Amino acid sequence: MEFTLYQTASSAACLGVIAHIFYFKHGEHHRQAIYYVGTAAFFPWIASALLSRYYGLSILGAVTYSLVTEWSFALALYTSMLIYRAFLHPLRNYPGPFMAKTSKFWHSFKAAKMHWYRDVWDLHVQYGEFVRTGPNEVSITDPQAVDLIHGPKTKCIKSAWYDMAYPDTSLQFSRDKAEHDKRRRVAWERAFSAKALRNYDDTVISHADQLIGAITKFNGKPVNVAKWYNYFTADTMFSLGFGTPVNMLETGDDHWTIKILQDGSKNLAALGPIPWILCILSWFPFLAKENFAAKYWTEDQIRARKNRVVEKDKDLMAWLLKPLEPMSNSAKREEQWLMSDARLAIVAGTDTSTAALSYTSYHLAKQPELTAKLRKELIEHHIDKDFSVLRLQDCKHLQSIIDESMRLHPPVPDGVYRMTPPEGLQIGEHYIPPNVTVIMPTYTVHRSPKSFEQPNEFIPERWTSRPELVKDKRSFMPFNVGTYSCVGKQLALNEIRTVLAKLILSFDIAFAPGEDGTKLMEETEDYFVLGLADLNLVFTPVKA
Ligand code: HEM
């Protein structure tokens with residue numbers, strides 16, 4: 001061999017630095033991660049075979065040269081990357097924990113503890129409104145960033161986080177703006193038009209009545225509402241999504257698919273910050289056997305729904321099955337959109353509304369006088385005599401209590417990940433360079449003293465008679481705002497208002513003995529949506 005081991009290692013190390021500076025430092029690489037890992041796994045053995053065949057090295061010598069080459073390359077590449085991220089990166093002057101600047105593993109490690117939104121809150125208390133939470137990521141609580149990042153005219157797009165299901169896609173996970181806007185227009189917005197929503201009222205009301213029936217049967221004994229609200233939202237979303245409920249309200253038990261979907265979301269919480277790992281794992285479906293079982297089960301339900309005649313436009317699936325225009329020329333791709341959007345409806349529409357209902361009920365139990373006030377309002381609007389989902393939206397106090405609960409406890413507390421456009425983003429005095437992930441952490445934004453007076457206090461009147469307590473309304477965004485905002489918002493509000501109105505008209509609501517809501521506040525898990533801890537309440541029938 002003409003080169004010494006030392007010369008080989010030095011050359012490989014130089015190549016590693018060059019690879020970082022001229023290739024890996026630019027653009028996105030997570031989708032190709034499987035090829036890099038494959039190359040790293042096979043390179044030493046192929047190189048060893050070539051070296052022993054053409055350079056006459058012994059097997060041991062060839063393997064040594066190959067491994068030294070690979071490891072020197074990798075070590076230099078990672079060292080170059082770490083030095084760049086820590087000291088030379090355009091975000092180097094943004095404050096944040098040192099470990100966060102060097103690797104997303106730091107975020108992943110923290111997120112695995114399932115309290116990420118509170119960790120981010122602590123970071124903002126320590127570092128201010130702009131915090132570097134990753135090598136290429138800034139978390140922002142400044143209200144003037146809302147329009148720039150999320151508003152209708154924003155040039156920001158969805159970040160690499162949305163590739164966690166790649167190559168599978170759905171409305172929420174589509175990163176291609178034109179494709180996303182088309183899918184939203186041809187299917188989802190029609191499914192949630194004011195007219196379409198009225199067709200879902202009967203389903204919402206009938207599941208709400210089932211819930212009230214189930215709670216009545218508890219006869220004053222404690223009810224874990226976090227669980228029962230989840231039965232309601234899941235049954236409603238399965239009824240609207242697939243045209244048939246999963247009967248959780250009837251059996252009083254979790255359906256296995258809901259449990260798997262929730263467990264799957266938990267695993268994604270820890271790995272979501274590192275999309276390249278998820279892209280690699282997607283090549284090994286046997287690692288997520290249960291998730292695939294749930295996926296195939298939901299796909300069977302959709303096929304069954306396709307063959308079932310349902311009263312005209314009575315469910316959401318009716319609209320997903322007949323988009324205004326196809327998304328592509330391929331029938332296989334159309335089928336993929338249908339399947340993933342139907343799954344999205346279930347995931348997006350259950351845990352979120354469950355959280356909103358549970359936290360609002362927590363506040364009702366904490367301040368019993370609120371229930372009496374709301375009951376009076378409902379009676380004034382004749383909701384007790386002539387129940388109407390539509391007219392519930394005129395009940396301003398009810399809405400203020402829902403809004404104030406969602407302000408203090410947003411069901412998607414982490415916020416959503418966006419990427420700055422090629423020209424970067426100027427937010428006041430702060431310039432964020434191009435292709436940087438930006439996130440507005442909803443929980444922290446909702447409690448910003450810059451936007452709300454007494455930000456940590458539950459004061460529903462800030463949404464009615466005391467508007468001076470809202471200093472910057474842009475900061476209130478539980479459903480997010482702009483092009484990518486929640487398309488199911490009105491359905492969610494209809495569900496939440498209906499259940500609350502029916503409960504308030506039927507029961508007085510109080511904490512169960514030994515309950516004060518601490519568990520809900522302290523032990524609820526954050527995995528992008530919330531995995532709620534128990535909340536035990538007692539419901540006493542209202543005297544006629
Ligand atoms: C209180 C309840 C709810 C809250 C707080 C909520 C919140 C959100 C948020 C913050 C987003 C943005 C996610 C992102 O950009 O990654 C979103 C998107 C979405 N939500 Fe909701 N949601 C709720 C209920 C629902 C319901 C009942 C549905 C019905 C299917 C639904 C369907 C969707 C869909 C399809 C998207 C994707 C929209 C898009 O990317 O264009 N959500 N939601």
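The numbered points below take up helix packing, the annotated positions and a few individual residues.

1. The coordinates under discussion are a predicted model, and the remarks that follow should be read with that in mind.

2. On the α9 side the contact is made by Tyr 200, Thr 203, Val 204, His 207, Ala 208, Leu 211, Ala 214 and Ile 215, while α10 supplies Trp 228, Phe 232, Asp 235, Thr 236, Ser 239 and Leu 240. Sorted by class, the contact of α9 with α10 holds 9 nonpolar, 4 polar and 1 charged residues.

3. Helix α9 also packs against α20, at an angle of about 35° and with the axes 10 Å apart, and here too the crossing is right-handed. The residues of α9 that take part are Leu 197, Tyr 200, Val 204, Ile 205, Ala 208, Leu 211 and Ile 212, and they meet a set in α20 that includes Gln 490, Leu 491, Asn 494, Glu 495, Lys 502 and Leu 503. By class, this contact of α9 with α20 has 10 nonpolar, 4 polar and 2 charged residues.

4. Within α9, which covers residues 194-217, Ile 215 deserves a separate remark. Ile 215 counts as buried because it has 20 C-beta neighbours inside 10 Å. Leaving aside neighbours within four places in sequence, Ile 215 is in contact with Val 223, Trp 228 and Phe 539. Ile 215 and Leu 503 are 288 residues apart in sequence, yet their C-alpha atoms are 9.2 Å apart in space.

5. Is the annotated Cys 486 buried or exposed in this model? Cys 486 is buried, since 20 other C-beta atoms lie within 10 Å. The unreviewed UniProt entry covers Cys 486 with the annotation "binding site", and in the model Cys 486 sits in the loop between α19 (442-446) and α20 (489-506). Not counting residues up to four places away in sequence, Cys 486 touches Phe 479 and Asn 480.

6. The unreviewed UniProt entry also places the feature "transmembrane region" at residues 6-24, 33-56, 62-84 and 268-286. Over residues 33-56 the chain is 92% helix and 0% strand, with the end C-alpha atoms 33 Å apart. For residues 268-286 the corresponding values are 58% helix and 0% strand, with the end C-alpha atoms 16 Å apart.

7. Ala 372 belongs to helix α17, residues 368-380, and counts as exposed because it has 12 C-beta neighbours inside 10 Å. Ala 372 and Leu 505 are 133 residues apart in sequence and 9.2 Å apart in space, C-alpha to C-alpha.

8. His 382, in the loop between α17 and α18 (396-408), has a positive phi near 60°, and it is exposed, with 11 other C-beta atoms within 10 Å. Asn 435, in the loop between β7 (430-432) and β8 (437-439), has a positive phi of about 55°, and Asn 435 is partly exposed, with 17 other C-beta atoms within 10 Å.

How values were computed: Residues are numbered from 1 along each chain as its sequence is written. This is a predicted model: local features need pLDDT of at least 70, side-chain atom pairs count only at pLDDT 80 or more; totals for chains, interfaces and linings use all residues. UniProt positions are given in the numbering used here, feature names are shortened, and annotations may be inferred rather than shown by experiment. Helices (H or I, at least four residues) and strands (E, at least two) are DSSP runs, numbered from the N terminus. Two residues are in contact if their C-beta atoms, placed from the backbone, lie within 7 Å. Ala, Val, Leu, Ile, Met, Phe, Trp, Tyr, Cys and Pro count as nonpolar, Asp, Glu, Lys and Arg as charged, and the others, Gly among them, as polar. Axes are lines fitted to C-alpha atoms, for helices over the stretch in contact, and angles run from 0 to 180 degrees between N-to-C directions. A crossing is left-handed if the near helix is turned anticlockwise from the far one by less than a right angle, and right-handed if clockwise.
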